[in-house]
Amino acid sequence: MKKMITIAAILAVTPMDASFRSKGIVDKYRMYQLDFQKACSQDKDPSKKVMQAIEAEQLTTIRYPADGKYFGDWKQGEKIAVSGKGLTWKDKTPHNNGGGCYNCHQLSHHEIAYGTIGPSLLEYGKQRGNGEEMVKYTWGKIYNAKAFNACSRMPRNGDAEILTEQQMKHVMAYLFDPNSPVNKK
Amino acid sequence: MRNRTAQFVMAAGMIALNVTTWSPSALADAATDEIAKYREMLADGNPSELVAAQGEELWKVKRGTKNATLEQCDLGLGPGVIKGASAQLPRYFKDTGRVQDLETRLMTCMETLQGIDTKELSKTKWGKGEMEKMEALVAYVVTESNGHKINVDMRPAQMKKMYELGKMAFFYRGGAMDFSCATCHGQADKRIRLQDLPDLREHKGAAAGWGSWPAYRVSNGQFWTMQHRLNDCYRQQRFPEPLYGSDVTIALSVYLAANGNGGPVLTPGLKR
């Protein structure tokens, strides 16, 4: 809801506007674009300058965990990574979503049903270590991927309220815990 | 019928497994493989045949306030000509002054020839009532274009305008997940989980994606029209619902068909 103010333009009746209707939990206003969504709606990315401006603005949306704890339970993280459920007009509530990470990323040594829209995150923690900078970067990337790549295909899990802070902590544990199948064969 | 469906499920499962072992060079041959696979699956018959047979019957049944059949319906090649007609849709129609896809054109025929009120269609569930009839008619018509080539006439200015609208819609990002069609269909050789995603910006991907729809979906045992396919992709895109037969859905079809022009029509398709 906090995003309503930045909605780029609520246009009069365009063919886009006339072609959609609210259904279930998906209100029609969802099709009106945020500024960066509009800037990223061509085959090619916008200019470097525009990208940098978007990234700077998106960076300010990131909220780091208030208690300073970044890691939950990797087992629950796995379930969240596997589930692509949520936020369609068939879903009953907007508050019980998966992260859909496997739609786009390889993660564990065992799960072969992974998508390839994003890079492989296999052995993420093992390869990158758990230094503070890496941990904070990863949290930020999951919270709002657009802060690091303006037109990223990856959703803004935190900023767009797809996942809760607690769910993000579980996913973080899945990526970093040495016992998680992401890092352990 | 039940046995037949079981065979399709197995075949589809085998294809899903194959995906993981594909090398990049094998992916280059994917389009030709698709055709080979399609022919192989059809050796046992396509469950769409039953739906199409119902559609053929419906085509000849007198219905509506005018108590007439659809036999004089003009799908673009003249009244009553079905062979090859859907391979050339969407098309600009002078009589309605609109670019129409197969479904909206059938709606016009139902209204003008039969006097059937098609406004209710957009409120009707897939597979139910008048929508079920529409699906059967679509299955019948597209079967008669199987083996033809995608051949949409892009000369009229109205078609060019719809193409531009379709292209705009294709890259239009929005919704809770910031997705556009291009998020999932705007790169070569990508997949979601194990589901291959055609690159619909390019001829090859568009020909494969557009040319194999409408299709029978083995996973849920349903025949889906193109409007239904687009509707479900918008659902996955976390968008609100596109209205049945709306300009954006027709424009996207023009974009896909034009990109795939010249490619093979393999309809009704057979899908996971």
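1. Let's start with a charge and a ring. In this predicted model, the charged end of R105(B) is placed over the ring of F93(B), 3.8 Å from the centre of that ring.

2. Next, have a look at how rings meet other rings. Over all chains, the count of aromatic pairs comes to 14. One to find on screen is W126(B) with Y244(B): the ring centres are 5.9 Å apart and the planes meet at 65°, so this pair is edge-to-face.

3. Y244(B), with 12% relative accessibility, counts as buried, because the cut-off for buried is under 20%.

4. Another pair to find is F170(B) with F171(B). Their ring centres lie 5.2 Å apart with the planes at 80°, so this pair is edge-to-face. Both F170(B) and F171(B) are buried.

5. Which residues make a nonpolar surface patch of about 240 Å²? They are L59(A), Y137(A) and F148(A). F148(A) sits in the loop between α7 (132–143) and α8 (165–176) of chain A. Its relative accessible area is 31%, so F148(A) is partly exposed.

6. On to the cysteines. A disulfide is a covalent bond between the sulfur atoms of two cysteines. How many disulfides does the structure hold over all chains? The count is two. In chain A, C40(A) and C151(A) form a disulfide with their sulfur atoms 2.0 Å apart. The angle about the S-S bond is -70°, and this link is left-handed. C40(A) is in the loop between α2 (35–39) and α3 (48–59) of chain A, and C151(A) is in the loop between α7 and α8 of chain A, so the pair ties together parts that are 111 residues apart in sequence. Both C40(A) and C151(A) are buried.

7. In chain B, a disulfide joins C73(B) to C109(B), with 2.1 Å from S to S. Here the angle about the S-S bond is 75°, and the link is right-handed. This pair, too, links distant parts of its chain, 36 residues apart: C73(B) is in the loop between α4 (48–59) and β1 (91–93) of chain B, and C109(B) is in helix α5 of chain B. C73(B) is buried, with a relative accessible area of 1%, and C109(B) is buried, with 4%.

8. Finally, some cysteines without a disulfide. C181(B) is in no disulfide, and the nearest cysteine sulfur, that of C233(B), is 7.5 Å away. C181(B) counts as buried at 12% relative accessibility. C184(B) is in no disulfide either; the nearest cysteine sulfur is that of C104(A), 6.9 Å away. C184(B) is buried, with a relative accessible area of 19%. Why do C184(B) and C104(A) not count as a disulfide? Their sulfur atoms are 6.9 Å apart, and a disulfide needs them within 2.5 Å.

Note on methods. Residues are numbered from 1 along each chain as its sequence is written. Chains are lettered from A and ligands numbered from 1 in the order in which they are written. This is a predicted model: local features need pLDDT of at least 70, side-chain atom pairs count only at pLDDT 80 or more; totals for chains, interfaces and linings use all residues. Side-chain values use heavy atoms; hydrogens and water are left out. Rings of Phe, Tyr and Trp (its six-membered ring) pair if their centres lie within 6.5 Å; planes under 30 degrees apart count as stacked, over 60 as edge-to-face and the rest as tilted. Buried means under 20% relative accessible area, exposed over 50%, partly exposed in between (1.4 Å probe, protein chains only). A charge sits over a ring if NZ of Lys or CZ of Arg is within 6 Å of the ring centre and within 35 degrees of the ring normal. Patches are made of residues with over 30% relative accessible area and no salt bridge: like charges are joined within 9 Å, nonpolar side chains (Val, Leu, Ile, Met, Phe, Trp, Tyr) within 5 Å. Accessible areas come from the Shrake-Rupley method with a 1.4 Å probe; for residues, only the protein chains shown count as cover. A salt bridge is a side-chain nitrogen of Lys or Arg within 4 Å of a carboxyl oxygen of Asp or Glu. Helices (H or I, at least four residues) and strands (E, at least two) are DSSP runs, numbered from the N terminus.
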